[in-house]
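Colleague: Could you take one part of this model and go through it closely, from its own geometry to what surrounds it? I would like a single connected account, with the cut-offs stated where they come in.

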Amino acid sequence: LGQAVEAIVHFEEALRLLKREHGDRPYSETIKALMNLGLAYKELREFEKGIEYLNTSLVMARELHEGRP
């Protein structure tokens with residue numbers, strides 16, 4: 001569990017920096033950070049929070065790839 005907590009700290013910092021750089025625009029690295037946060041919260045059995053991050057990453061991925069084959 002300690003690794004999941006440490007991962008959350010790092011991915012939240014990465015997400016903060018990515019949002020500062022790219023705002024709310026879809027960006028592949030932001031999607032990865034959101035997905036990793038979701039998985040880390042799953043490891044901590046904080047399923048609601050994990051699902052929230054994973055759903056946000058899914059919406060952003062769809063926006064990023066909209067119109068692509």
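Modeller: A definition comes first: contact, or touching, means that heavy atoms lie within 4.5 Å. This is a predicted model, in which local features need pLDDT of at least 70 and side-chain atom pairs count only at pLDDT 80 or more, whereas totals for chains, interfaces and linings use all residues. Residues are numbered from 1 along each chain as its sequence is written, and side-chain values use heavy atoms, with hydrogens and water left out.

The protein has 3 helices and 0 strands, where helices (H or I, at least four residues) and strands (E, at least two) are DSSP runs numbered from the N terminus. The order from the N terminus on is α-α-α. Along its principal axes the C-alpha trace spans about 40 × 25 × 15 Å. Of the contacts with a separation of 6 or more, 58% are between residues 24 or more positions apart.

Helix α2 covers residues 28–43. Its 16 residues should span 22 Å at 1.5 Å a residue, and because its end C-alpha atoms are 23 Å apart, the two values agree; the expected span is 1.5 Å times one less than the number of residues.

Which residues of α2 are buried? They are Thr30, Ile31, Ala33, Leu34, Leu37, Gly38, Ala40 and Tyr41, where buried means under 20% relative accessible area, exposed means over 50%, and partly exposed lies in between (1.4 Å probe, protein chains only). As background to reading such a list, an α-helix has 3.6 residues a turn, so residues three or four places apart point the same way. The cover over the buried residues of α2 includes α1 and α3.

Several of these residues belong to the largest nonpolar core, whose 12 residues are Ile8, Leu15, Leu18, Ile31, Ala33, Leu34, Leu37, Ala40, Tyr41, Tyr53, Met60 and Ala61. Such a core is a set of buried Ala, Val, Leu, Ile, Met, Phe, Trp, Tyr and Cys residues joined through side-chain atoms within 4.5 Å. The elements that give two or more residues to this core are α1 (2–22), α2 and α3, and α2 gives the most, with 6 residues.

On the α1 side, leucine 15 is buried, since its relative accessible area is 9%. Leaving out residues up to four places away in sequence, leucine 15 touches Thr30, Ala33, Leu34, Leu37 and Tyr53. Its C-alpha lies 9.3 Å from that of lysine 32, 17 residues away in sequence. Leucine 18, counted in the same way, touches Gly23, Tyr27, Glu29, Thr30 and Ala33. Glutamate 12, also placed in α1, counts as partly exposed because its relative accessibility is 33%. Apart from its neighbours within four places in sequence, glutamate 12 is in contact with Leu37, Tyr41 and Tyr53, and its C-alpha is 7.7 Å from that of alanine 33, 21 residues away along the chain.

Tyrosine 41 counts as buried because its relative accessible area is 6%, and tyrosine 53 is buried because its value is 17%.

Serine 57 is another residue of α3, and it counts as buried because its relative accessibility is 3%. Setting aside its neighbours within four places in sequence, serine 57 is in contact with Ile31, Leu34 and Met35.

What follows α2 deserves a last remark. Arginine 45 sits in the loop between α2 and α3, and its phi is near 65°, a positive value in a residue other than glycine. Most residues other than glycine have a negative phi, and most peptide bonds are trans. Arginine 45 counts as exposed, because its relative accessibility is 63%.
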